[in-house]
Amino acid sequence: MASAIFFLDLKGKTLLARNYRGDIPMSAVEKFPILLSEAEEESSAVPPCFSHEGINYLYIRHNNLYLLALTKRNTNAAEILLFLHKIVEVFTEYFKALEEESIRDNFVIIYELLDEMMDFGYPQTTESKILQEYITQESHKLEIQARPPIAVTNAVSWRSEGIRYRKNEVFLDVIESLNLLVSSNGNVLRSEILGAIKMKCYLSGMPELRLGLNDKVMFETTGRTTRGKAIEMEDVKFHQCVRLSRFENDRTISFIPPDGEFELMSYRLNTQVKPLIWVECVVESHSGSRIEYMLKARAQFKRRSTANNVEIVVPVPDDADTPRFRTNVGSVHYAPEQSAIVWKIKQFGGGKEFLMRAELGLPSVRGDDEHGGGMTGGFGGSMGGVGAPGKGAKRPIQVKFEIPYFTTSGIQVRYLKITEPKLQYPSLPWVRYITQSGDIAVRLPDAV
Amino acid sequence: MAQAVNRIRGAFAPPRKGETFELRAGLVSQYAYERKEAIQKTIMAMTLGKDVSALFPDVLKNIATSDLDQKKLVYLYLMNYAKSHPDLCILAVNTFVQDSEDPNPLIRALAIRTMGCIRVDKMIDYMEEPLRKTLRDESPYVRKTAAICVAKLFDLNPTMCIENGFLETLQELIGDPNPMVVANSVTALSEITETAPETKALVITPATLKKLLMALNECTEWGRVTILSTLADYPPQDVKESEHICERVTPQFQHVNPSVVLAAVKVVFIHMKLLNPELVRQYLKKMAPPLVTLIASAPEVQYVALRNIDLLLQAKPDILSKELRVFFCKYNDPPYVKLQKLEIMVRIANNKNFDQLLSELKEYALEVDMDFVKRAVRAIGQVAIKIEEASEKCVNTLLDLIATKVNYVVQEVVIVIKDILRKYPGYEGVIPTLCKYIDELDEPEARGALIWIVGEYAEKINNADEILSGFVDVFMEEFTQTQLQILTAVVKLFLKKPSNNQGLVQKVLQQATSDNDNPDIRDRAYIYWRLLSGDLEVAKNIILSQKPAITTTVSSLPPALLEQLLAELSTLASVYHKPPESFVGKGRYGADAIQRAAIQEQRQDAAENPIAASVAAAASGSNGAQSNIENLLDIDFDGGAPASAEQGGTATPDRMSSPSAVGGLPGAPAAPSGGMADIMGLFDAPPAGVSGGGFGGMGAGDMMSSFAAMDVSGNSAPPPPGQQLGHASSSGSGQKSGNDDLLGLF
């Protein structure tokens, strides 16, 4: 429960506010920037919620905005923080980007949305597709006055009735992103696959869908055997359209989909995966006047597949200059604004291996023990003032890529059954697979 | 009058005169589009923080319109400024009542929703009929809005709400076919029950339970959170019912919204208490993957999840023992997430995963964020004390770290090694390394730690007397906690090497008793002095007695508080790790104080508005019950004289400095009852509290430092909390050191 919601700029000035309960002084918001900066002085870790004189402040930051909720009760913190994120999501869909400007330009509709999304401090409807059906930029005259879509309060609150398409199609995208943390000596510290099945659904009426995956638990519970590989998903999260109790009972994924684009489900696998693009790096520092990086990148996936748009970002010291590169493939450039060198390879075939050398000059006068990519940058100072957050934090090498027609986990869509009892139309499901880099971090070794 | 307003306004802000004038002209224009534009501009000015309340009568003229957008804006304006023109609100009533019967459900809902937000008595009087009708509306959209409106009405006028039977209507709505209506009815009822438990508004019977479980699978994510929170508070009739609830709630673990997942975890965690151990084990196992997935949500939500996982782990240490890697910090995690992840990693450290953990911690200790680095170093020490097999590796890691010579790393390592020595005295080999860094130490805790080490191992450190005499020379400039350590260390040194340290001990005792005016230090010095002037063997037995090893430095909450917080999962209390009464303010008082401040603010706004001010002035002489100010008051004052807002302020505690940084101990409490619990907490406080207290005085205040004065730091880890109270009196007899006897002195 939130008593009031505020949109503030980074200085803490209120851009727009909505008082839902009138039980706290709205001027409490003026304390927020003060409290925040006081807390920041005390510690680098200021939590997203704190309490002051009986008022609790819960906030998130988005672009150049703070979204702040105030409450005096022992509120459900997770709910309110999520609601703030939901506001961001909905507003972004309405205005493309949510920032200071878009708040100022759209205050009328923002008030309307805030009125609809929360009542007396309790979150109500936050489904932006449904909101868009009855809260629009155009004004309504009596004849065509908007009415609340039945869907707002329906058990199927995500789909309106009466949708018609000439051609009934469904597109399924299975997207897996790989998160990886590799230590500087090449050990995989943590690996995780975050998968998502995204749908583009252009179907008429109220279709009933059933999705079959090569889910190991499902095969086990139903006692069926399969020829192919079955995968074991660690934790699955579904869009609210999926009947959770049905999944719990017999692992059937059945649902009435929302119209258009949405994410049907996401899953997580903790299985140890070898890094698809393996990066080794040696850093050599030459008597403090220049620094040299030797990179080896190897594609550790089947020869049939190709990784596209590979990008390897290697952090270098902030004050490096005169970069020189040598590589047998792709292009390398120095990006001083992010203190990094970026090695781009358009296409990286499976099983291939490429090398790159980079050499950068360093200014002759510098701090005593700084080397490589801000490795220990900032150390050596005296007490206090050293821990400027974020600045000079130890940055890892980052790897980005995309491999089409390939999933790391081996997940497969076995079938997608579509039935619409009234209309009984033929329909076409299309499936695509793609693997992406998620958060891939290879810790940079110390310079030798 | 209006001109007068303009003139006064104009005097303060010249350009505003023209603007207000222009807006007014627009608001009464004969063309609809001009009126609409003027309303938009008025709202714009309101948004920018300008006071446009003077336009109230003119805006009000536009309320009867068929343009939905315009209507919404006028309503919005009304909500904001009703308080400043309570008497004029009556003019809007008619439109509201009409709108609540409009053929369009959107307008009916809008009318009833807005009426509830216009917190003025005159409006409330007219709410009865529209509310009654909309609660029975054919459209579920209107019903769900009306349900919330009952809570609004109760907040403003509980008597009217009860007399009209709205609570009963709400209770019936729990059986509504529409899940969202059910959810909002439950929301409203549970709020009413919270503010006024005597109404017994939300009583769950087996029949309502069934309805709630039905609605759970169908309603929106927020509705699910509401229903789950209600289920968590429901006391089950028997084991079967608990089983049933757990079974029905578990599928919600798969929901995409983290707050639904957390609410579901809460329900299962609370209701599984009655289940048989085998089922409990299964549910705990099922809980792990969704908990892990929460770590992938937005950082703020992650933080709430991490603070909750911390609580869960204190109750069930094993649930995530295989998931250590998930909590590894990402380099771009916000600092508050990183620190919390560290806490949790230490909690799930065991003899299988410590290797991995240590190399990770070492990595963190080389980062640049000072708080994070210190916490990482401390975590290494905690692992060493928690897991015996890991201790050697930990000590080596710490030695590697001290070699970096980074000032705050060195200090933290010294503090950590002190604790390690209290568990494993055998690592004395590291002492010479530590002594090399004496000059680096400027934090009292680090200095205290090193001095304690020197005193404890005086017989093995050749130049102990040299080191300590250096500290004695600057005795008067040290912090209290360091002074206490110097005193004890010198006495220990004297007892171990009496021959050539008599002068030193006399010097320090002299300074501590005659030059010092801190009673803690004086008292301790006098006790030592008396001991030393008697039989030295007795003094030795007391001061140099063998102290039992500490068992852990990982802080945990007192069991009673933990139990309370586990029932509060995902609320602010579970994030702060403090009982709700410590920050919400005591009962009605804390809430009232804030409400009063809100009223004060509005009164002030009104004072700036000449019209309202004149009304207020006229009324101020008359009886309060009739005054217009009464309209500004959201609640009755219970007849008591309104306490000033400042007074209210003191009743509620100050902002808690980031909970993660405070460690396990609750801060000094403000509320009396909370206070008692917290002082108990000090005794219950696990070893970390006591051990830390000796050197760090971890914010526990004087209470702690006076214990520290008794050198409890060198004392045993306290026995399980159950025996705590008996501890001081009963344990004096055993082989224990003199500390306990000294405790008796108090």
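Let me start with strands β8 and β9 of chain A, which in this predicted model cover residues 169-182 and 188-202 and pair in the antiparallel sense over 14 bridges. If you want one position to look at in that pairing, take Leu178(A), which stands opposite Ile193(A) in β9(A). The two strands form a hairpin with five residues between them, and within that hairpin Gly186(A) takes a positive phi near 90°.

Now I will turn to chain B and to a pair of helices. Helix α7(B), residues 105-117, packs with helix α9(B), residues 128-135, at an angle of about 135°, and their axes are 11 Å apart. Since an angle over 145 degrees would be needed for roughly antiparallel, α7(B) and α9(B) are therefore oblique to each other. Their crossing is left-handed.

As for the residues that make this contact, α7(B) contributes Arg108(B), Ala111(B), Ile112(B) and Met115(B), while α9(B) contributes Pro130(B), Leu131(B) and Thr134(B). Sorted by class, the contact of α7(B) with α9(B) has five nonpolar residues, one polar residue and one charged residue.

Terms used. Residues numbered from 1 in each chain as written. Chains lettered and ligands numbered in written order. Predicted model: local features only at pLDDT ≥ 70, side-chain atom pairs only at ≥ 80, totals over all residues. Axes fitted to C-alpha atoms, helices over the stretch in contact; angles between N-to-C directions. Helix = DSSP H or I, 4+ residues; strand = E, 2+ residues; numbered from the N terminus. Parallel < 35°, antiparallel > 145°, perpendicular 65-115°, else oblique. Left-handed = near helix turned anticlockwise from the far one by under 90°. Contact = placed C-beta atoms within 7 Å. Nonpolar A, V, L, I, M, F, W, Y, C, P; charged D, E, K, R; others polar. Pairing = 2+ DSSP bridges.
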